[in-house]
Structure formats: structure tokens, C-alpha cells
Amino acid sequence: MQKIKPLDSIQNLDAPLQKAIQSIPVSDRYFIALSGGLDSLALLYFCLPYLKLHTKHIQAIHINHGLSTLATEWEEHCRVICEQLNIPYVAISVDASKKNTRPEEAARHARYAEWKKLLKKNEVLLLAHHQDDQAETVLLQLLRGSGVKGLAAMPAQQHFSQGLLCRPMLGFLREEIQAYAAEQSLNWIDDPSNFDTDFDRNFLRHEVVPLLES
């Protein structure tokens, strides 16, 4: 695959934000994964002005897993936001209700499969994972008995399909992203299932990680 140069630095940003922007490769086309939640909405608003300096081909992608009675409402919320920002938007419905599979795992496999279909050569998919997600992923892999490769967790950048998958916010804490979103008066969705500790990641987030921090 052709090596892609990083975006030029933006002079009016502080060092951490400069680093985040510079981690995004210049591309012919960008896809931004947009759930409508805090993290993905912050990613969209933060990256959009700088992506537009390099290309007109930017599209937000919303994956409707159909697991919540609010799924259609969230899809519409994302559509309205993209309409306000004047960027193309597509919503893709998937079946994440497979039997004998944890819902969060089925949802993850379903959305990655759809993203993989979209990405062509030298195109970039941006995801909103951050430092807290990274820590939770390492703990999950550890509890599942993963080897060294699994414990390496999520890379900031990796080859994906024919393009690249990038996580420019991987160096930020959840609380830093929330502070940015509040400062920008962003209107994000709070998914009630994020507080359901029957899900492995939520159990770690709400029960295990606070205990480790204390």
C-alpha cells in the first residue's frame, strides 16, 4: 500500500491536539464512524475542519445495530447533525442478534464487517476510541486469556481492508473528551445500555476500573 503522509500541523492547537491531528494520514477519502454518542460526536466536530482542508470526500457512517428501541431515533439524530454540518451521511442496518453470541460481540463483528466493505485503496476510517477504551480492552483480553498479541490492544493506526483504520483520540482520556464536548455544547446520545453491567465492558468500566483506580 502506498505510504500516506500525515496531515499538516495546525498552528492554533495545543500540543496534544496537534499530535492528534498529525496522526491522521492525508487521504483521498475519509469515513467517520458516528454512533451519535459522546466520543464519536467529539471526533466528528474535532476532525472535520482539518479534514476539509485536504479533501471534499468526507462521509459519516452510522451503524444501526437494531438492539435498542431507540435505534431509529439515534439514526435520525446522526442524520440531522450531518445535515447541519453539510457532510454526506449514510446509515447501515445490521443484524446483531445472533444466537449464542454476546450482543456486544455480535454488534462489533457486524459493524466491522460493514466498514470493511466500504474502505477502498488509500481511504481512511476514523474511530473514536480513547485511552479509557484502550485500558478496558487490555483488561478484557487479559480476562479472556489472550496472548501477547491480544494484550497489545488497539493500535493508533492499522491496515484495514484496502485502506487504513485510525484512532486519533487514543491519547485522550474519556474525561478530556467530555470536557471538550461540553465546551463545544455538543448534543450527544447517552445509550442506557452503557450502564448495564451485564455487558463485560460495562462491568469493567463501572465496577472494576474504579476499584483499580482507588
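Predicted model: local features only at pLDDT ≥ 70, side-chain atom pairs only at ≥ 80, totals over all residues.
Is Ser 185 buried or exposed, and what is the relative accessible area of Ser 185?

**View A. Ser 185 in the loop between α7 and α8.** The loop that holds Ser 185 runs between α7 (174-183) and α8 (200-213). Ser 185 is exposed, its relative accessible area being 63%. Although Ser 185 is a residue other than glycine, its phi is positive, near 55°.

**View B. Asn 122 in the loop between α4 and β4.** Asn 122 is placed in the loop between α4 (103-118) and β4 (124-126). Its phi is positive, about 65°, although Asn 122 is not a glycine. Asn 122 counts as buried because its relative accessibility is 10%, and the cut-off for buried is under 20%.

**View C. Length of helix α3 and the residue after it.** Helix α3 comprises 15 residues (residues 71-85), which should span 21 Å at 1.5 Å a residue; the end C-alpha atoms are 21 Å apart, in agreement with that value. Just after α3, Asn 86 takes a positive phi of about 60°.

**View D. Buried and exposed sides of α3.** Ala 71, Trp 74, His 77, Cys 78, Ile 81, Cys 82 and Leu 85 are the buried residues of α3. They cover an arc of only 130° around the axis and therefore lie on the same side of α3. Thr 72, Glu 73, Glu 83 and Gln 84, on the other side of α3, are exposed. Among the elements that cover the buried residues of α3 are α2 (38-51), β2 (58-64) and β3 (89-93).

Definitions and conventions. Residues numbered from 1 in each chain as written. Heavy atoms only, no water. Helix = DSSP H or I, 4+ residues; strand = E, 2+ residues; numbered from the N terminus. Expected span 1.5 Å × (residues − 1). Buried < 20%, exposed > 50% of the residue type's maximum accessible area, 1.4 Å probe, protein only. Arc of directions from axis to C-beta. Contact = heavy atoms within 4.5 Å.
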